[in-house]
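Below is a briefing on one protein chain, for reading alongside its sequence and model. It starts with charge pairing and then moves on to the helices and loops.

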Amino acid sequence: MRSNDACRGAALANPVLISILLIGGILGITATPYRTYFAGAQLIHFLLGPATVALAVPLVRNFGHLRRSLPGVALALTAGSLVSAIAGIALVEICGGSRAAALSMAPKAVTTPVAIEVTQTVGGIPSLAAVLAIAGGRSGSHLYPIVIKVGKDY
């Protein structure tokens, strides 16, 4: 049983959120700089890449269906990616956020390791991008059942 199931799906019972709060609290209490922590966590950071690539296994298993649906999938992914990135940047800019914060918001709809790498490349704030990617994933997982239910009604 997952911790989230034991807590009846409570969003605050998320293991990623709990880990972030615990690690952040420990770093704050011990006055450990983030750079020092991150230097020690390089192995975990490195392993996030292969873990992300492993997400491709279901795609390979369903390659025939994906190939038949490719035009629609490509259009949906392209439109969704552009709207997500542009809306994120625009929202930060409208609210008066910095350019670095806006660039950190753009890759919020991808996996955390990808968001960190993209943000480092474009000059954003990697730790902010990680938080936004995790928050985006969590909110998406909570909204997914609602979207599916509404979609079935139409």
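**Charges, helices and loops**

A search of the whole structure finds 1 salt bridge, meaning a side-chain nitrogen of Lys or Arg within 4 Å of a carboxyl oxygen of Asp or Glu. The model is a predicted one, in which local features need pLDDT of at least 70 and side-chain atom pairs count only at pLDDT 80 or more, while totals for chains, interfaces and linings use all residues. Residues are numbered from 1 along each chain as its sequence is written, and side-chain values use heavy atoms, with hydrogens and water left out.

**The salt bridge**

- Glu93 pairs with Arg99, and the closest N and O atoms are 2.7 Å apart.
- Glu93 counts as partly exposed because its relative accessibility is 39%; the cut-offs are under 20% relative accessible area for buried, over 50% for exposed, and partly exposed in between (1.4 Å probe, protein chains only).
- Arg99 has 51% relative accessibility and therefore counts as exposed.

**A buried lysine**

- Lys108 lies in the loop between helix 8 (99-105) and helix 9 (112-122); helices here are DSSP runs of H or I with at least four residues, strands are runs of E with at least two, and both are numbered from the N terminus.
- Lys108 is buried and has no salt bridge.
- The nearest side chain of opposite charge to Lys108 is Glu93, 13 Å away; Lys and Arg count as positive and Asp and Glu as negative, with His and the chain ends not counted.
- Leaving aside neighbours within four places in sequence, Lys108 is in contact (heavy atoms within 4.5 Å) with Ser84, Ala85, Gly88, Leu132 and Ala133.

**Helix 7**

- Helix 7 covers residues 70-94, 25 residues in total.
- From first C-alpha to last, helix 7 reaches 35 Å, close to the 36 Å expected at 1.5 Å a residue; the expected span is 1.5 Å times one less than the number of residues.
- Ser84, Gly88 and Val92 of helix 7 are buried, and the buried residues of this helix pack against helix 8.
- Gly80 also belongs to helix 7, but is partly exposed, with a relative accessible area of 39%.
- Gly80 and Ala109 are 29 residues apart in sequence, and their C-alpha atoms are 9.2 Å apart in space.
- After helix 7 comes Gly96, with a positive phi near 85 degrees.

**Helices 9 and 10**

- The axes of helix 9 and helix 10 (residues 126-153) come within 8 Å and cross at roughly 145 degrees; axes are lines fitted to C-alpha atoms, for helices over the stretch in contact, and angles run from 0 to 180 degrees between N-to-C directions.
- On the helix 9 side, the contact is made by Thr112, Ala115, Ile116, Thr119 and Gln120.
- Helix 10 contributes Pro126, Ala129, Ala130, Ala133 and Ile134 to this contact.

- Ala31 sits in the loop between helix 2 (15-30) and helix 3 (34-40).
- The phi of Ala31 is near 55 degrees, a positive value in a residue other than glycine.
- Ala31 counts as exposed because its relative accessibility is 64%.

**The chain overall**

- The chain has 10 helices and 0 strands.
- Its C-alpha trace spans about 55 × 40 × 30 Å along the principal axes.
- Of the 154 residues of the chain, 16% count as buried.
- Among contacts in the chain with a separation of 6 or more, 33% are between residues 24 or more positions apart.
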